[in-house]
Amino acid sequence: MPHLVRERLYFGDIKDAIAALTESSPTPHFTHVLSVVSSASISFITDCRPGPSIPTEEVRRVVAGEKGAPPTAAVAPGTLMRVVERAGQGLRVTRMAVPLRDTEEEDLLDRLEPCLDFIDEGRKVGNVLVHCFAGVSRSASIIVAYLMRSEQKSLEDALEALKEISESACPNDGFLDQLKLFEEMGFKVDTSSPLYKKFRLKVLGQSYKFGEKISSYMFEDDPGLSPQSGSCQDSSKVEQRKTAYRCRKCRRVIAVEDNVVSHVPGEGESCFDWNRRKSGHPYNNKEQDCSSLFVEPLKWMTPVEDGALEGKLSCIHCGARLGYFNWAGIQCNCGSWVTPAFQIVKSKVDISTI
């Protein structure tokens with residue numbers, strides 16, 4: 001029997017999903033099912049028990065990189081993000097399937113908000129079941145995030161509220177870190193937030209450490225390239241002025257303020273646990289006094305895309321040296337280790353607005 005979390009909201013496991021989709025359990029009657037399992041295919045569910053297949057009819061499929069999909073540099077183009085379908089006898093249930101593994105490295109954050117919106121819409125018309133395979137980590141993470149957003153609860157309070165209903169609820173440590181970030185961003189996934197940018201860099205660093213190829217889709221667009229003529233742009237965005245950093249030698253734009261990743265002065269070796277460095281020197285500098293900027297990886301950084309561990313960053317237009325990159329990290333003069341690091345030396349650039 002699935003656990004009742006709030007009015008019209010339940011969470012459970014694969015057996016609960018089978019019951020909801022086959023009407024083998026008449027109470028409660030589910031109108032919406034959110035499947036957060038390794039595969040979006042209904043066969044992942046039906047293979048777990050003998051018997052007739054569950055009929056489905058696809059309504060919508062969202063693939064990263066396609067028109068209508070939210071932009072994210074975190075997910076490879078062509079990656080299936082979610083499928084919405086009608087399922088069950090008479091196609092009476094609306095099911096959304098979000099492929100997600102139960103590992104600490106898995107990207108929950110970029111799949112979170114569509115799940116929460118689906119729950120909101122489902123509760124307006126009927127009962128919603130959120131399930132994963134065992135009803136322990138993935139479904140619990142979604143429910144916790146929903147309580148955080150809908151009731152403005154802290155991660156700690158939301159998790160405690162869920163454990164009062166089911167003691168087995170236990171999101172893995174990686175999901176807990178991402179849910180804490182969700183809380184710090186104000187119960188939303190703000191891809192422009194410095195916190196989000198740090199998270200994305202951490203994921204990149206872990207991918208590099210594990211020997212994965214860092215493809216160019218993970219890099220931000222080159223801010224020095226002019227928008228294509230005839231392209232549609234939001235007029236409000238066109239009118240906004242941004243701080244730009246230009247190569248001092250040729251004046252080409254090499255970064256804008258949105259590309260800058262902030263760091264905490266004197267943070268030292270506490271940046272990322274997977275590759276700590278030792279400092280041993282106390283610093284009291286303010287970040288504005290730092291001699292370097294640290295930015296996201298950008299598409300003009302060809303040595304980075306070529307796969308080197310470290311190297312120089314040079315202006316793609318005139319070849320002037322601008323800074324360095326190192327996947328193991330670079331220490332700012334303020335004492336903070338930034339990992340991975342894409343460093344622009346401030347004395348090599350001029351500041352303007354565009």
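The model is predicted: local features need pLDDT of at least 70, side-chain atom pairs count only at pLDDT 80 or more, and totals for chains, interfaces and linings use all residues. Residues are numbered from 1 along each chain as its sequence is written, and side-chain values use heavy atoms, with hydrogens and water left out. Helices (H or I, at least four residues) and strands (E, at least two) are DSSP runs numbered from the N terminus.

**Cavity**

- One cavity of 30 Å³ or more is present in the structure; a cavity is a set of points, on a 1 Å grid over the protein atoms alone, where a 1.4 Å probe fits but cannot get out.
- The largest cavity holds about 30 Å³ of space, a volume being the space filled by probe spheres set on grid points that are joined across faces, edges and corners.
- Its lining (residues with an atom within 4 Å of a point) consists of Met 81, Arg 82, Val 98, Asp 110, Arg 111 and Pro 114.
- By class, the lining has three nonpolar, no polar and three charged residues; Ala, Val, Leu, Ile, Met, Phe, Trp, Tyr, Cys and Pro count as nonpolar, Asp, Glu, Lys and Arg as charged, and the others, Gly among them, as polar.

**Buried loop residues**

- Cys 132 carries the UniProt annotation "active site" from an unreviewed entry; such annotations may be inferred rather than shown by experiment, and their positions follow the numbering used here.
- Cys 132 sits in the loop between β7 (127–131) and α4 (138–151) and counts as buried because its relative accessibility is 2% (buried is under 20% relative accessible area, exposed over 50%, partly exposed in between, with a 1.4 Å probe and protein chains only).
- Beyond its neighbours within four places in sequence, Cys 132 has contacts (heavy atoms within 4.5 Å) that include Gly 12, Asp 13, Val 36 and Arg 138.
- Asn 259, in the loop between β9 (253–256) and β10 (292–294), is also buried, at 6% relative accessibility.
- Leaving out residues up to four places away in sequence, Asn 259 touches Glu 220, Pro 223, Phe 294, Val 295, Glu 296 and Leu 298.

**Backbone features**

- Thr 339 and Pro 340 are joined by a cis peptide bond with omega of about -15°; Pro 340 lies between β14 (337–338) and β15 (341–345).
- Arg 8, not a glycine, has a positive phi of about 70° and is partly exposed at 34%.
- Gln 152, likewise not a glycine, has a positive phi of about 55° and is exposed at 54%.

Note on methods: On a 1 Å grid over the protein atoms alone, a cavity is a set of points where a 1.4 Å probe fits but cannot get out, and a pocket is an open set with protein on both sides within 12 Å along at least five of seven lines; lining residues have an atom within 4 Å of a point.
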